[in-house]
Every structure is written in structure tokens, then in C-alpha cells.
Amino acid sequence: MEHLLDIKNLSVEFALRTGNLCAVRDVSLSLDSGERLGLVGESGAGKSVLGFSIINLISKPGFISGGEVIFKGDDISKYSYEKMRRIRGNRISMIFQDPMMTLNPVLTVGTQMKETLKAHMKISDKEATEICIDKLKKVYIPSPEKRLEQYPHEFSGGMRQRIVVAISLLTNPNLIIADEPTTALDVTIQAEIMDLLLELCETENMGLILITHDLAVVSEVTQRIAVLYAGRVVEIGPTETIIANPQHPYTQGLIKALPECAPGTRLNQIPGMMPSLKDMPDGCPFSPRCEFKSPRCESEIPPLRETISGGFVACFEREVKRG
Ligand SMILES: Nc1ncnc2c1ncn2[C@@H]1O[C@H](COP(=O)(O)OP(=O)(O)O)[C@@H](O)[C@H]1O
Ligand SMILES: [Mg+2]
């Protein structure tokens with residue numbers, strides 16, 4: 001079966017005065033229709049750059065330096081700006097940490113929702129209003145007719161993020177990329193927004209790529225997890241398998257010492273630092289911090305290989321399935 005999204009050997013670089021910096025390296029992953037994938041990894045791992053590169057929103061000095069992003073059978077990484085604009089905010093929506101990245105403070109919610117709709121389809125004002133009200137109901141905003149007349153500042157943080165979710169639903173997308181969508185909100189509101197996203201993905205059969213620091217959120221919302229380290233996927237597999245039995249020493253470090261997955265549980269901090277992307281070690285990027293490393297790890301980059309527990313891991317020191 002064809003996947004909804006197939007990222008193949010994607011690399012993203014930033015052309016800096018001091019030389020090129022590779023923020024995403026040779027990443028391959030796929031997502032089926034309606035599937036929910038979590039992207040985790042510490043700050044600077046390349047999660048946001050990967051998210052943006054899927055919708056071809058990397059701006060200078062960044063550029064996609066290799067690979068493909070196949071969405072519904074087409075390589076959208078090679079699309080023109082115009083063609084991509086029609087995909088973005090239409091078939092693929094993005095939700096950011098700060099709702100004000102999406103919302104225009106000087107327009108009413110109704111005006112901007114209707115503008116979004118009209119940019120993508122030919123409809124009357126009345127039809128547009130009806131769709132907007134319908135979407136606001138889907139995100140459980142009370143008195144939607146009245147709310148359409150209001151400006152973003154008249155909403156609370158949680159309500160604003162609900163509006164953003166409603167906007168992302170306007171064009172019935174197949175895929176939502178959510179980059180730490182609840183980090184700026186308090187814990188109870190975070191849980192409400194995540195429940196809402198989960199419900200919508202299920203009822204609307206939308207795929208979700210969820211970038212998050214919150215382990216409770218990934219385990220609740222996603223079916224698979226990809227762990228990013230220094231721009232590479234170092235482990236990927238079913239969420240339960242990875243949480244219960246992480247294979248990569250880096251994933252083990254992130255997940256260990258967590259008493260339970262209470263809401264707001266953040267990934268563990270691991271001693272040491274991620275190597276500078278400008279100055280990557282030979283071999284495994286995690287080797288300088290790894291307590292299990294062997295000499296081979298310092299000279300060769302481990303490829304992703306299938307583990308006996310059902311995921312894939314990029315580590316020479318793990319037992320893998322023999323093929
Ligand atoms: N605009 C930029 N210019 C130069 N380098 C960048 C830029 N954006 C991101 N990077 C590089 O890419 C790395 C990954 O960034 P990012 O994807 O934002 O990390 P995160 O996993 O925290 O979302 C950063 O550590 C930085 O080195
Ligand atoms: Mg980020």
C-alpha cells in the first residue's frame with residue numbers, strides 16, 4: 001500500500017559563512033493515512049527543521065540538500081512555491097507552539113478563517129461562515145457565532161490554540177504537523193488540547209506528526225515514535241515498544257528514571273551535550289556520550305536496523321534481527 005507520506009533520505013543544510021551545517025541528515029520515515037507519529041529528541045536535534053522541510057518551508061540560508069518528500073505519490077520537495085502553497089494549509093496543515101504564529105492580531109477570527117477558506121475554494125461568504133462555525137464546534141468553542149466576531153486577544157491561550165486547530169481543519173487536511181503545540185500552555189489545558197487533537201485525528205482520519213518534549217503526550221497520542229539525535233533518526237518503532245523497551249542508549253537515557261508518565265513528564269536529561277552540527281564526530285554521533293560504545297562506534301556510522309523487539313535502531317551494540 002502507498003503511504004500517505006514517504007520521506008526518503010532527506011537532508012537539510014544551512015549555508016553559513018563558516019561552512020554548511022547539516023541539521024537533518026539522511027532521514028527516512030513514512031506515515032500512513034490516519035497514523036500518528038511522535039518526533040522526540042532534545043533541543044537542537046532537528047525536529048522543527050524536519051517538520052518545516054516536509055512542507056518545504058525551510059527559508060534561506062537553509063535548503064533541502066538531498067532526498068525526497070513523497071506525499072500522496074508526488075515528490076512535493078521539488079514543487080514550485082505556488083504549487084506548494086496549495087498543498088500547505090490545504091492537504092497539510094501546521095500547528096506551531098505559539099498560536100500567534102498563525103493568528104493575525106488585527107483581524108477577527110471570522111475574517112481570517114474565511115480568508116483562509118476563500119484562498120482554497122470558491123465559496124460564498126455565507127457558506128464560508130457555516131464552515132467556520134462547524135469547525136469551531138469541532139474544537140468545542142462555545143458560542144461560535146459570537147466568537148467569529150472577536151479578535152485573537154479576546155481569547156485565552158488555550159482557546160487561541162483551539163482556534164488554530166480549527167483553522168488547520170478548514171480545508172480537511174490529510175496530515176497535520178504539530179510542533180510542540182501545547183508547550184506554552186498550562187498542564188491541564190495542554191491535556192485538553194492534546195485530547196482534542198487525538199479525537200480529531202481519529203474522527204477525520206488525519207495523519208499527525210507530533211513534535212513534543214512530553215513523554216506522557218507521545219505515549220497517549222502517538223502510535224509510533226521516531227527519536228532524533230543530531231539530525232538523524234536513531235530509533236523508530238511502535239510507541240509502546242519504545243517506551244517499555246527502548247533500544248538505543250540515547251532513547252534509554254531519555255526515557256529512564258521516569259517514575260511514571262504523568263502529564264507534563266518531560267524527557268530525561270542526559271549528561272553531556274549533543275555534538276555541534278558543525279563538528280560532528282566520525283562514527284556514531286552519540287558515541288561521545290555513550291557508555292556502551294565500542295571502537296567501531298567511533299569510526300563507523302551505524303545504520304538503522306530492525307530489532308528483535310519490532311522497531312529499528314541505529315546502534316552497533318544492540319541485538320538486531322538477522323536477515
Ligand atoms: N535559521 C537557521 N540558521 C542556521 N541554523 C539553523 C537555523 N534553524 C535551525 N538551525 C540549526 O538546526 C538545528 C536544529 O534546529 P531545530 O530543528 O529547531 O531543533 P529542535 O529539535 O529543537 O526543534 C539547530 O541546532 C541549529 O544548529
Ligand atoms: Mg523545535
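Which residue just after H7 takes a positive phi? That residue is Asn205, with a phi of about 50 degrees. The model is predicted: local features need pLDDT of at least 70 and side-chain atom pairs count only at pLDDT 80 or more, whereas totals for chains, interfaces and linings use all residues. Residues are numbered from 1 along each chain as its sequence is written, chains are lettered from A and ligands numbered from 1 in the order in which they are written, and side-chain values use heavy atoms, with hydrogens and water left out. Helices (H or I, at least four residues) and strands (E, at least two) are DSSP runs, numbered from the N terminus.

**Helix H7**

- Helix H7 covers residues 187–204, and its 18 residues should span 26 Å at 1.5 Å a residue; the end C-alpha atoms are 26 Å apart, which agrees. The expected span of a helix is 1.5 Å times one less than its number of residues.
- Gln190, Ile193, Met194, Leu196, Leu197, Leu198, Leu200 and Cys201 are the buried residues of H7. Buried means under 20% relative accessible area, exposed means over 50%, and partly exposed lies in between (1.4 Å probe, protein chains only).

**Packing of H6 against H7**

- Helix H6 (residues 157–169) and H7 have axes that come within 10 Å and cross at roughly 15 degrees. Axes are lines fitted to C-alpha atoms, for helices over the stretch in contact, and angles run from 0 to 180 degrees between N-to-C directions.
- H6 and H7 are therefore roughly parallel to each other. Angles under 35 degrees count as roughly parallel, over 145 as roughly antiparallel, 65 to 115 as roughly perpendicular and the rest as oblique.
- The crossing of H6 past H7 is right-handed. A crossing is right-handed if the near helix is turned clockwise from the far one by less than a right angle, and left-handed if anticlockwise.
- On the H6 side, Gly158, Gln161, Arg162, Val165 and Leu169 meet Ile189, Glu192, Ile193, Leu196, Leu197 and Leu200 of H7. Contact means heavy atoms within 4.5 Å.
- The residues of this contact between H6 and H7 comprise 7 nonpolar, 2 polar and 2 charged. Ala, Val, Leu, Ile, Met, Phe, Trp, Tyr, Cys and Pro count as nonpolar, Asp, Glu, Lys and Arg as charged, and the others, Gly among them, as polar.

**Packing of H3 against H4**

- Helix H3 (residues 109–120) packs on helix H4 (residues 125–138) at an angle of about 115 degrees, and their axes are 9 Å apart.
- H3 and H4 are therefore roughly perpendicular to each other, and their crossing is right-handed.
- H3 contributes Met113, Lys114, Leu117 and Lys118 to the contact, while H4 contributes Asp125, Ala128, Thr129, Ile131, Cys132, Lys135 and Leu136.
- Sorted by class, the contact of H3 with H4 holds 6 nonpolar, 1 polar and 4 charged residues.

- Asn56 follows H1 and has a positive phi, near 55 degrees.
- Leu10 lies in strand E1 (residues 5–16) and is buried, with a relative accessible area of 0%.
- Not counting residues up to four places away in sequence, Leu10 touches several residues, including Leu50, Ser53, Ile64 and Val69.
- Leu10 and Leu228 are 218 residues apart along the chain, and their C-alpha atoms are separated by 13 Å.

**Loops and backbone features**

- The peptide bond from Lys60 to Pro61 is cis, with omega near 5 degrees, and Pro61 sits in the loop between helix H1 (47–54) and strand E4 (62–71).
- Lys72, in the loop between E4 and strand E5 (74–75), has a positive phi of about 50 degrees although it is not a glycine. Lys72 is partly exposed, at a relative accessible area of 42%.
- Tyr140 is found in the loop between H4 and helix H5 (144–147). Tyr140 is not a glycine, yet its phi is positive, about 60 degrees, and at 47% relative accessibility it counts as partly exposed.
- Ile301 belongs to the loop between helix H10 (249–255) and strand E11 (305–306) and is partly exposed, with a relative accessible area of 41%.
- Leaving aside neighbours within four places in sequence, Ile301 is in contact with Arg232, Gly283, Cys284 and Phe316. The C-alpha atoms of Ile301 and Phe316 are separated by 8.9 Å.
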